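Here's a quick briefing to read alongside the model. Have the viewer open and click along as you go.

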Amino acid sequence: MAAETEPLFAQVARFLEDLIVDGGLRAGSRAPSTNELAAFHGINAATARRGIALLVDDGVLETRRGIGTFVTPDARGAILARRREMLPEQFVAPLIDEALRLGYDRASLASLVDKVAQSRGMYR
């Protein structure tokens, strides 16, 4: 897992959210078990369970007793809506703050954003 400042269980939740958003886990599909996640990430199963519990609490995953945990029908839309709401505060504002520290003006920053977006295939 990526070395980040957020707790491991939150990283597990983000990993699963990313799979859902990117289409690796679709609505109705079975999510990896706590043991599968623990083995894959080299973490304790209780930590993986906490990550799954976050998504169950958010309505992104649902547990079916004796069968497993599954992606809810509206999971992708709910994740996208929440992330879109958080984007300005968590990513855009810090980007602008750092650009100001580095002396970028608005046009230079816009040009930089366009260049990176193009390199990521955003304008294809």
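This is a predicted model: local features need pLDDT of at least 70, side-chain atom pairs count only at pLDDT 80 or more; totals for chains, interfaces and linings use all residues.

**Arginines and rings**
- Arg50 lies over the face of Phe9, and the distance to the ring centre is 3.8 Å.
- Arg64 puts its charged end over the ring of Phe70, 4.1 Å from the centre.

**Thr69**
- You'll find Thr69 in strand β2, which covers residues 68-71.
- Thr69 has a relative accessible area of 13%, so it counts as buried, the cut-off being under 20%.
- Leaving out residues up to four places away in sequence, Thr69 touches Ser29, Arg30 and Ala31, along with Ile52, Val56, Leu61, Glu62 and Thr63.

**Thr72**
- Thr72 sits in the loop between β2 and α4, the latter being residues 75-101.
- Its relative accessibility is 8%, so Thr72 is buried under that 20% cut-off too.
- The Thr72 side chain reaches the backbone oxygen of Gly59 at 2.8 Å.
- Gly59 also shows up among the residues that Thr72 touches, next to Ala27, Val60, Leu61 and Glu62, again not counting residues up to four places away in sequence.

- Leu61 and Glu62 are on both contact lists: Thr69 touches them, and Thr72 touches them.

Terms used:
Residues are numbered from 1 along each chain as its sequence is written. Side-chain values use heavy atoms; hydrogens and water are left out. Helices (H or I, at least four residues) and strands (E, at least two) are DSSP runs, numbered from the N terminus. Buried means under 20% relative accessible area, exposed over 50%, partly exposed in between (1.4 Å probe, protein chains only). Contact means heavy atoms within 4.5 Å. A charge sits over a ring if NZ of Lys or CZ of Arg is within 6 Å of the ring centre and within 35 degrees of the ring normal. A polar contact is a pair of N or O atoms within 3.5 Å; within protein, one must be able to donate a hydrogen and the other to accept it, and residues adjacent in sequence count only if both atoms are side-chain atoms.
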